[in-house]
Amino acid sequence: MKSLFIMLGTAALTFVLLKPSIQSANAEINPFPLPEFTQTEQNQWLKSKPLNVEELKGKVLLVDIWTFACWNCYRSFPWLNQLEASLHNQDFQVIGIHTPEFDYEKKRSAVLAKMSEFELDHPVMMDNDFKYWKRLNNQYWPTYYLVDKKGMVRYRFIGETHANTNKAAQISSAIAILLKE
């Protein structure tokens, strides 16, 4: 009986550990319109005026769902900054959505300090009420949504990402496809 519980526990743990990998391997998703941003007040946007989806059409977007206490998020920032720099002269824009897991992450000044620490210069919307998270039906930090020039979400990548990895290559390839369209 004890070995049955160990075997079931091992199987459950394996599923939990592999589930994000399985989902992130299936990066191309059924397209859907990028939901309108939920925050319209200036104090809910960092490094930008409040944005709307319509004004961003014509650009490929990488929407990054993150929170500053998430190790996987901040270990991905060097890759994200490198990607953003390499595409600075393209019709490409990163939009951060900061959805806090803990109350102390809801403070605008704390988010700004972390953005400075991690050298994030793109617009970030504070999603303290999880409204945007819910509109995307998101479940993980970090998650990257790639949006085509018409405003359709076409790809989703889940989890920590580093330069010179298979996932980074998949994301770059997907961006290249969207930029050519």
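**Close-up 1. Leu-62 and its neighbours.** Leaving aside residues up to four places away in sequence, Leu-62 touches Trp-79, Leu-80, Leu-83, Phe-92, Gln-93, Val-94, Ile-95, Tyr-144, Tyr-145, Leu-146, Ile-171 and Ile-175; a contact here means heavy atoms within 4.5 Å. Bear in mind that this is a predicted model: local features need pLDDT of at least 70, side-chain atom pairs count only at pLDDT 80 or more, and totals for chains, interfaces and linings use all residues. Residues are numbered from 1 along each chain as its sequence is written, and side-chain values use heavy atoms, with hydrogens and water left out.

**Close-up 2. The nonpolar cores.** A nonpolar core is a set of buried Ala, Val, Leu, Ile, Met, Phe, Trp, Tyr and Cys residues joined through side-chain atoms within 4.5 Å. Buried means under 20% relative accessible area, exposed over 50% and partly exposed in between, with a 1.4 Å probe and protein chains only. The largest core has 31 residues, and those with the most contacts inside it are Leu-62, Trp-66, Trp-79, Phe-92, Leu-146, Phe-157 and Ile-175. Among the elements giving it two or more residues are strand E3 (60-66), helix H3 (71-86), strand E4 (92-98) and helix H6 (166-180). H6 gives the most, with six residues. Helices (H or I, at least four residues) and strands (E, at least two) are DSSP runs, numbered from the N terminus. Apart from this core lies another, of 19 residues, among them Trp-45, Val-53, Leu-61 and Ile-65.

Close-up 3. Seven strands make an open sheet with mixed pairing, in the order E1-E7-E6-E3-E4-E5-E2. E1 (28-33) and E2 (45-46) stand at the edges with a single partner strand each, so one side of each has no neighbour in the sheet. Strands count as paired if DSSP finds at least two bridges between them. E2 and E5 run antiparallel and are joined by two bridges, with Leu-46 opposite Val-124 in E5.

**Close-up 4. Strand E6 and its partners.** Five of the five residues of E6 are buried, so this strand is largely enclosed by the rest of the structure. Thr-143, Tyr-145 and Val-147 point one way, while Tyr-144 and Leu-146 point the other way. E3 pairs with E6 in the antiparallel sense over five bridges, and Val-63 sits opposite Tyr-145. E7 is also an antiparallel partner of E6, over five bridges; there, Thr-143 faces Ile-158. E6 and E7 form a hairpin with four residues between them, and Gly-151 in the turn has a positive phi of about 90°.

**Close-up 5. The largest cavity.** Its volume is about 30 Å³. A cavity is a set of points, on a 1 Å grid over the protein atoms alone, where a 1.4 Å probe fits but cannot get out; lining residues have an atom within 4 Å of a point. Points are joined across faces, edges and corners, and the volume is the space filled by probe spheres set on them. Leu-34, Val-53, Leu-56, Lys-57, Lys-59, Leu-61, Val-147, Asp-148 and Gly-151 line the cavity.

**Close-up 6. Leu-51 in its loop.** Leu-51 is found in the loop between E2 and helix H2 (53-56). This residue counts as buried, at 13% relative accessibility. Not counting residues up to four places away in sequence, Leu-51 touches Glu-36, Phe-37, Trp-45, Leu-56, Ile-95 and Pro-123. The C-alpha atoms of Leu-51 and Thr-40 are separated by 7.6 Å, with the two residues eleven apart along the chain.

Methods:
On a 1 Å grid over the protein atoms alone, a cavity is a set of points where a 1.4 Å probe fits but cannot get out, and a pocket is an open set with protein on both sides within 12 Å along at least five of seven lines; lining residues have an atom within 4 Å of a point.
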